[in-house]
Amino acid sequence: MTNSEGALSHLHCRTVWWCLVVGHVTDRRLPVTGRLSVCMLSLLVEGIRLQRQIPDSRLITSEGRVFDPQPQVLVIRDAAVALGVESEFIGILDRSLNTMQEAIAYRSKFGKCMRLILVTSTVHMSRAVLLFRKPGLDPVSAPTGRMRRNLYGQVMHEYVVMVWAFIRF
């Protein structure tokens, strides 16, 4: 049983959950699922798995335009629909450019009363939870993905950005 399966096995209430992390390419020659990075696709698959297990839950995707003409949030939404999620069960937050903005946008749009399952990479999870707690949210962690070979570089990046986020926000 994975961490997210154990942590979420008791949830039977209405749950809204969240899927983050950047990574897509706008190439209309590719199928929509082929436009997502491997990391993003693994997050989306985990999110869909959880959404199907929890009755009346919603999949919330996030990420605004950064370097690509098509916002990632729309690519993720289209990929979720292609993988069988009904569009009325998908919410989008399309103006946030970083994790703190995503947390603030989530709280602004959905409030604190709906349960939140935060799906992101294992390495990014600690920082993401910290930033979602800042505006008063209490996310349930659902980390996905394996650590990469360059673990030291990933961990150092996360700690540096966590310190920056703590100082800034």
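The paragraphs below go through this predicted model from the whole chain to single residues. Residues are numbered from 1 along each chain as its sequence is written, and side-chain values use heavy atoms, with hydrogens and water left out. Because the model is predicted, local features need pLDDT of at least 70 and side-chain atom pairs count only at pLDDT 80 or more, while totals for chains, interfaces and linings use all residues.

The protein chain contains six helices and five strands. Helices (H or I, at least four residues) and strands (E, at least two) are DSSP runs, numbered from the N terminus. Along the sequence they follow the pattern α-β-α-β-α-β-α-β-α-β-α. The chain has 169 residues, and 46% of them count as buried. Buried means under 20% relative accessible area, exposed means over 50%, and partly exposed lies in between (1.4 Å probe, protein chains only). The accessible surface of the chain is about 9200 Å², with 57% belonging to carbon and sulfur atoms. Such areas come from the Shrake-Rupley method with a 1.4 Å probe, and for residues only the protein chains shown count as cover. Contacts, defined as heavy atoms within 4.5 Å, can also be sorted by separation along the sequence. Among those in the chain with a separation of 6 or more, residues 24 or more positions apart account for 68%.

Strand 2 covers residues 58–62, and four of these five residues are buried, so the strand is largely enclosed by the rest of the structure. Strand 2 pairs with strand 3 (residues 90–93) in the parallel sense, over four bridges. Two strands pair if DSSP finds at least two bridges between them. Within this pair, Thr 61 stands opposite Ile 92 of strand 3.

The C-alpha atoms of Val 73 and Ile 92 are 6.6 Å apart in space, although the two residues are 19 apart in sequence. Val 73 has 0% relative accessibility and therefore counts as buried. With its neighbours within four places in sequence set aside, Val 73 is in contact with Thr 61, Ser 62, Glu 63, Ile 92, Leu 93 and Asp 94.

The next topic is the nonpolar cores. A nonpolar core is a set of buried Ala, Val, Leu, Ile, Met, Phe, Trp, Tyr and Cys residues joined through side-chain atoms within 4.5 Å. The largest one has 19 residues, of which Leu 36, Leu 44, Ala 80 and Ile 117 touch the most other members. At least two residues of this core come from each of helix 2 (38–53), helix 3 (72–82), strand 4 (115–121) and strand 5 (140–144). Helix 2 gives the most, with five residues. A second, separate core has 13 residues, including Leu 93, Ala 103, Leu 118 and Met 125.

Charged side chains come next. A salt bridge is a side-chain nitrogen of Lys or Arg within 4 Å of a carboxyl oxygen of Asp or Glu, and a search of the whole structure finds three. One joins Glu 46 to Arg 49, with the closest N and O atoms 2.8 Å apart. Both residues lie in helix 2, three residues apart, which is about one turn of the helix. Glu 46 is buried, at 12% relative accessible area, whereas Arg 49 is partly exposed, at 23%. Another salt bridge links Asp 78 and Arg 77, with a closest N and O distance of 2.9 Å. Asp 78 is partly exposed at 28% relative accessibility, and Arg 77 is partly exposed with a relative accessible area of 28%. Asp 138 and Arg 133 also meet in a salt bridge, at 4.0 Å from N to O. Here Asp 138 is exposed at 52%, while Arg 133 is partly exposed at 48%.

The last stop is helix 6, which spans residues 151–168 and holds Val 163. Val 163, Phe 166 and Ile 167 make a nonpolar surface patch of about 360 Å². Patches are made of residues with over 30% relative accessible area and no salt bridge; like charges are joined within 9 Å, and nonpolar side chains (Val, Leu, Ile, Met, Phe, Trp, Tyr) within 5 Å. Met 162 lies in helix 6 too. Not counting residues up to four places away in sequence, Met 162 touches Ser 126, Arg 127 and Leu 130. Met 162 and Leu 130 are 32 residues apart along the chain, and their C-alpha atoms are separated by 8.2 Å.
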